[in-house]
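I opened my notebook to go through one protein model. My plan was to start with the whole chain and then move to details.

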Amino acid sequence: MSIESSTEIPDGSTTLEAPQRERRQAIWALAGGKGGAGRSLLAANLGVQLARSGRRVVLVDLDLQGSNLHSYLGYQRLPRSLGDLAGGKSLALSELACETTTGQLRLVGGMQRAELRDDPVAFVRQVVEQFPSLSADFIIVDCGSGRSRASIAAFAEATLGILVVTPEPTALESVYMFAQSYLQWCLTRALTGEALANLEARIREEGHDPRHLPFRAFMKRLGAIDAEARERVAEVVRATRLELILNQVRSPADEEAAGSLASGFRKCFGLPVHIAGIIEHDLSVLKSAQKRRSLSQQYPNAAATRAISGTVNRLFSISEAPRGEPDEEWEDLEAIDHYRVLEVAPKATPKEVQSAYQLLKKTFDPETTHLSPVLEAQGLREMLARIEAAYRTLIFLESRATYDQQMRISGLVQQADMPEPDGREATPSPAPPAVPEENVTASATEEAASDSADSVPGGDAAAAPANPSPRDATEPIEPAPARPVPSTGAQLRDVRKGLGLTLDAIAEETKVRPAHLDSIEREQFGDLPAPVFVRGFLREYSRCMGLPADEVIRRYMLRYEDWRASGRLPGDPI
């Protein structure tokens, strides 16, 4: 695979050896899973814009069944194409590159019929191996639609993988499924079949089905089992930097799909996907296609053309920039702080917190999500519960101030990163409305959190609890620096008693039933509700006692999951 940037020649010579020419070559691949998203039109116009900036560009149509990239550049039929290479008429890819009406832009046409008799993946590799012979600074690959092995193999060879999608629900679902297939490809590329089978077997022994684990969770468990294998997979995944183009946008509501996709990729797959461009719906696109001219040539001042130009500038700057340290990947969602859960800065305003929450709620709510093909309902509920907990803490000034203080004490953030106190914070904000625990469901919890958001920032004084808190509301809750983090229910009980707090006092502040708190301390796991609620109970319980909630949850839930996996009856000791 080619590397994006070149290295300086020590002696200042202007002659480059063949390996150095290859290192200068950047490969952009466009895919997305669903046809009709405008992938081929964007590939053609990205190539035109790059070539006009003085770069040598070759477009390669690797759609092996229904190529049409040439039609966006004024061709009805190409004199030669990849069909000639497949049929043995030409052995060199460079001989297939046809000149276009744009200077420094050439095109290698694809196949429109089932002309390929060999293995499609082997053919893609044969083509990619000849990329260095094309004498190009940039090679832009149209991977075709769908999730065929050939399309994924072509996408995996890119230095920059560009996902093209429209705001339509089917297109959004397709891009998630394409990403899942691509990541599975990375797994099989990094690990031998036997090694992968052994790792999956060990994950099953832990009580998890690797086929149903999101990639983020799979990589987390893989790291615990075999850190070396995880790093091999990570190297393959990192080799292709992912970017997103949202096409055919008609309204501000459509634009939200870009942010929703980026959040979905990060939380489900553990992958950073940046938004390279948002292209609005433009009738000039249809007109240019009807005239068989590139959009950039026929309508240079059209809104879509200007948006594509901005997208090219961003993608070009990314290709030229050196790769920095990888983004934080595949962490346990329960172990990261609330700000990162909501994907906001520590200095975010209440309005920014609420906006982020609304977007994430729409992204992961089972009723509105497009992640259903790759994330099961239980996973969606657990993800949403973590988002709800973060939102409830950060949207109210008192709970946020306490949380920020705990963050500073723990050293997770610096003082400069936290918001400055102002006059508004001097006025206590109301607590979130209590939710009865007797017959609560995941959807009811979500609805209650949503209803509480509607009262922000002013709130409703009637929503405040009638009973006083077991602590002075003005007194900050600080964890004892030297206190070890409890791992068992008995240790939690000891901490509570050491603070002089009763279960009833904790229940009054947290609105968690005393019976549930007692079951947590006694580790009567069979008497507790679903894990998503147990995590919520533990978070409120820990907050009330000034403990690091994320770490308490992580340790306690390991024991809870061990009990569930053991198949013991309710009430059996662990």
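How many helices and strands does the protein chain have? I counted 23 helices and 8 strands. Both are DSSP runs numbered from the N terminus, with helices being H or I of at least four residues and strands E of at least two.

**Ground rules.** I noted that this is a predicted model, where local features need pLDDT of at least 70 and side-chain atom pairs count only at pLDDT 80 or more, while totals for chains, interfaces and linings use all residues. Residues are numbered from 1 along each chain as its sequence is written, and side-chain values use heavy atoms, leaving out hydrogens and water.

**Whole chain.** I looked up burial next. Of the 574 residues in the protein chain, 49% count as buried. Buried means under 20% relative accessible area, exposed over 50%, and partly exposed in between, with a 1.4 Å probe and protein chains only. I also checked contacts, meaning heavy atoms within 4.5 Å. Among those between residues at least 6 apart in sequence, 74% join residues at least 24 apart.

**The sheet.** In which order do the strands lie? I read β3-β4-β2-β5-β1-β6-β7-β8, an open sheet of 8 strands with mixed pairing. The edge strands, β3 (98-99) and β8 (274-280), each pair on one side only. Two strands pair if DSSP finds at least two bridges between them.

I followed β7 (residues 241-249) to β8: they run parallel, joined by 5 bridges. Leucine 244 stands opposite isoleucine 275 in β8. Helix α10 (residues 252-269) packs on the sheet and touches β6 (160-165), β7 and β8. The direction of α10 makes about 155 degrees with that of β7. Helix α13 (residues 303-320) also packs on the sheet, and its direction makes about 165 degrees with that of β8. For these angles, axes are lines fitted to C-alpha atoms, for helices over the stretch in contact, and angles run from 0 to 180 degrees between N-to-C directions.

**Strand β2.** Why is β2 (residues 57-61) largely enclosed by the rest of the structure? I found that 5 of its 5 residues are buried, so the strand is largely enclosed. Val57, Leu59 and Asp61 point one way, and Val58 and Val60 the other way. β2 pairs in the parallel sense with β4 (residues 105-108) over 4 bridges and with β5 over 5 bridges. Valine 58 stands opposite arginine 106 in β4. Valine 57 stands opposite phenylalanine 138 in β5.

**Aromatic pairs.** My search of the whole structure gave 14 aromatic pairs. Rings of Phe, Tyr and Trp (its six-membered ring) pair if their centres lie within 6.5 Å; planes under 30 degrees apart count as stacked, over 60 as edge-to-face and the rest as tilted.

Tyrosine 176 and phenylalanine 265 are stacked, at 5.6 Å centre to centre and 25 degrees between the planes. They link helix α6 (residues 169-190) to helix α10, 89 residues apart. Tyrosine 176 counts as buried at 2% relative accessibility, and phenylalanine 265 counts as buried at 2%.

Phenylalanine 525 and tyrosine 556 have ring centres 5.8 Å apart and planes at 70 degrees, so I logged this pair as edge-to-face. Phenylalanine 525 lies in the loop between α21 (514-522) and α22 (531-544), and tyrosine 556 in helix α23 (residues 549-566), so the pair ties together parts 31 residues apart in sequence. Tyrosine 556 is buried, with a relative accessible area of 1%. My last entry is one aromatic cluster, formed by Phe525, Tyr556, Tyr560 and Trp563.
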